[in-house]
Each structure stands twice: as structure tokens, then as C-alpha cells.
Amino acid sequence: RTLRIGLIPGDGIGKEVIPAGRKILEALPASLKLKFEFVDLKAGFETFEQTGAALPDKTVEILKNECDGALFGAVSSPSKAVKGYSSPIVALRKRLDLYANVRPVKSVMTAKNPIDMVIVRENTEDLYVKEEKTYEAADGSKIAEAIKRISEKASFRIATMAGEIALRRQKIRESGAPSIHKSPLVTITHKSNVLSQTDGLFRATAREALAASRFSSVGVEEQIVDSMVYKLFRQPETYDVIVAPNLYGDILSDGAAALVGSLGLVPSANVGEGFAIGEPCHGSAPDIMGKNIANPIATLRSVALMLEFLNEETAAAKIYAAVDGNLEEGRLLSPDLGGTATTTEVVEDILRRL
Ligand code: NAI
Ligand code: MG
């Protein structure tokens, strides 16, 4: 099988970590019978300054018509609003209907309290439909309002994806990957005790989706979002797959990333029907750019995550294992993890293990 992968480095350290992503795909063992073709694509603030568009139409067209998946580095956002500029990754998610943001948060299994969870965040609606307005109250003071939109359709498909991910994680475990979980579990997060219509619909629909017979082996539980935060920090090891509406998912996933120490470790994927973009969770890190010290692991794990969604679990598992090997040995770590290794040295160590 030949997969065509779009490469969008973007800005800052995106330009240092995306080439590492390409290298690891090229280094996968020949026995997997997987070939890759790469297409270099533009997006980001530098692209905006050069061309007037942060996300050129050509980038979207090529992704849509020619690619099986993509890797996205990071983009810089100007600190003050710049006319005509808006985030290319947000636009890309919309234009390719990448309705799920998937973020695994995993420590090494040799950690004192290992954790291994994935947060599945709905990515198209909720408060992020950005339908806001400000008006005046009778006394002239301001009131601002925002629409929180939850649909049955979007809730159903995100919960279904969470169920599929839970099954796939179980399959990977059964193939021998070390794990702290014995059986698949999906935790539905909501606040339906207060928001009975919106979050109530999310909760009921997610329950219905996960009641499908193919998920009969998947445990399903619920957690109100505020107590979810508490438990996430107290007992993170209990969670396997967490599914949440957009806003809660955004907050939970950034919070969970803190549990493993560095942003440089945490991957994500933006997923739609038959398409996935791997994206490290960190930004363009202007404070360390150009120094060859960015941690490439978030990107390498994002490559593996993209492969999972392209049904290449075996290849993905090999990348995860090579990364874990580097972290467990702990000899060649980048400075964000307390080491002195360069980006190049970390990548070389992981490629050797692969
Ligand atoms: P950031 O994630 O770029 O950096 C936060 C801190 O983490 C910095 O000290 C940085 O050096 C460190 N860090 C991040 N990734 C690292 C890695 N791979 N290895 C080692 N250290 C790493 O977030 P910040 O500083 O808030 O934003 C910088 C720029 O990135 C801004 O323009 C922001 O808008 C943009 N950004 C873009 C995102 C995206 O493309 N999805 C996400 C977050 C921020
Ligand atoms: Mg966020």
C-alpha cells in the first residue's frame, strides 16, 4: 500500500519537528509493505505574510484530492489581531470536516503511576459555533450571550468514534502492547444535571451510540465534567477513553497533557471520514526555535496516531514502542525533559530502535 501524506510544517519549531515525522515514516521496516509519498504544503503566519492567505486554497485542494493523510506542525498566531488572518488549523478542520480531535495522554509504563488515556473531543459545535452577541440591559449595562449548540448527529458520530477507538486500543493491547487497562472503557463527560437540554442530548445520544451491539465489550460510564477534572488529577490511571463535547474536551485535554510533564510529548489527530491529520499539541515555540532542541516526540506520536486512523495499527505500534524505548531508557532526552540531547539526537535514537 502506498500512502500519500501532506506535510505542513507551518511556523517556528513546526519546521524542525515535521521533517522528523517524515523520517520516521521512511524508516518503517520494509516487511510492513508500506510506502509513502510526500507532498510539501504551505500554511501558517509566514505563508500569510508571503501570500496573503494563512491557508492557501491549493493546500486544501491537494489534501482533499490527492492525500490519504497529513502532518501539521504548528502555526504562530500574532499577539494582536491582524486583518485578514485567521487560524489555518481551525479552517482546515472545517473545510475537511475533521469532526473529532483525538488526544492520547500516556506516560511510560515504568512511571510510578502510569497513565494511558485518550480524550475524544467533538470538534464542530458546542459553544465554538461562535454565535455571540452583546447588547444592553434596561439600565444600559452590557450583556453578552453565546449559543451552545449540540446536535444529535454530531454527538452520535463522536461517541461512535470513541467506541471504535476503545475497541482498537483493546486490540492493540491484546497484540501484546503493555498497558494498565484490562478492558475497554468509555467515559461520557457532560453537565446534564444543569444543562439538561444541550448536555442532556449529548449524554443520551452518546449512551445510545455506545449501546450498539458491536460495542458490547466496551464498558460505558458517565462523569459530570467538574468531578471529572477532580478525578482526572486524583486518579488519572482509571481512564481509558473519554468522550466530551467541544468546550469540555478542549479544557480536559490541555489539563490532561499536564499530567505527563511536557507539551513536547503530547500528540493529537484531527479526524474525519477517511482522513486524519496528525498534529503535535504544542505551538510554534518561538522561544526555542532554530536551536535544534525541540522535543520531536509529540510529532512522532502524532505520526503513529495518524497511521492508526489510516488502519495501519502495526506500523503505529512500532513507532509507539520505539518512542517508549527512548523515554524508558532516558539516556537521550531533550531539555524539556531534563536532558541535553538535541532534536537530531532524539530522532536518531528513536529511528535506531525502530
Ligand atoms: P507553545 O506550545 O509554542 O510553547 C509553550 C512552552 O512549551 C514554551 O516554553 C515552549 O518552548 C515549550 N514547548 C512547546 N513545544 C515544545 C517542544 N516540542 N519541545 C520542547 N519545548 C516545547 O505555546 P505558546 O508559547 O503559548 O505559543 C507560541 C505560538 O504558538 C503562538 O503564536 C501561539 O499562537 C501558537 N500556538 C499554536 C498552536 C497550534 O499550532 N496548534 C497551539 C498553541 C500555540
Ligand atoms: Mg486547547
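Two strands count as paired if DSSP finds at least two bridges between them. Keep that in mind for the hairpin below, and remember that you're looking at a predicted model.

**The hairpin and its neighbor**
- Strands E11 and E12 make a hairpin, with 2 residues between them.
- In the turn sits Gly-274, whose phi is positive at about 70°.
- E11 (residues 269–272) and E12 (residues 275–278) pair over 4 bridges in the antiparallel sense, and Asn-270 faces Ile-277 of E12.
- E11 also runs antiparallel to E4, with 3 bridges joining the two.
- One of the pairs there is Ala-100 with Val-271 of E11.

**Helix H8**
- Several residues of H8 are buried, among them Asn-246, Tyr-248, Leu-252 and Ala-256.
- What covers the buried residues of H8 includes strand E4 (100–106), which is joined to E11 as well.
- The cover of those buried residues also includes strands E5 (116–122), E8 (185–190) and E10 (241–244), along with helix H7 (225–234).

**Around ligand 1**
- Which residues come nearest to ligand 1? Out of the 20 around it, they are Ser-77, Gly-264, His-282, Gly-283 and Asn-295.
- Sorted by class, the shell around ligand 1 holds 10 nonpolar, 8 polar and 2 charged residues.

Conventions: Residues numbered from 1 in each chain as written. Chains lettered and ligands numbered in written order. Predicted model: local features only at pLDDT ≥ 70, side-chain atom pairs only at ≥ 80, totals over all residues. Near = placed C-beta within 6 Å. Nonpolar A, V, L, I, M, F, W, Y, C, P; charged D, E, K, R; others polar. Buried ≥ 20, exposed ≤ 12 C-beta atoms within 10 Å, placed from the backbone. Contact = placed C-beta atoms within 7 Å.
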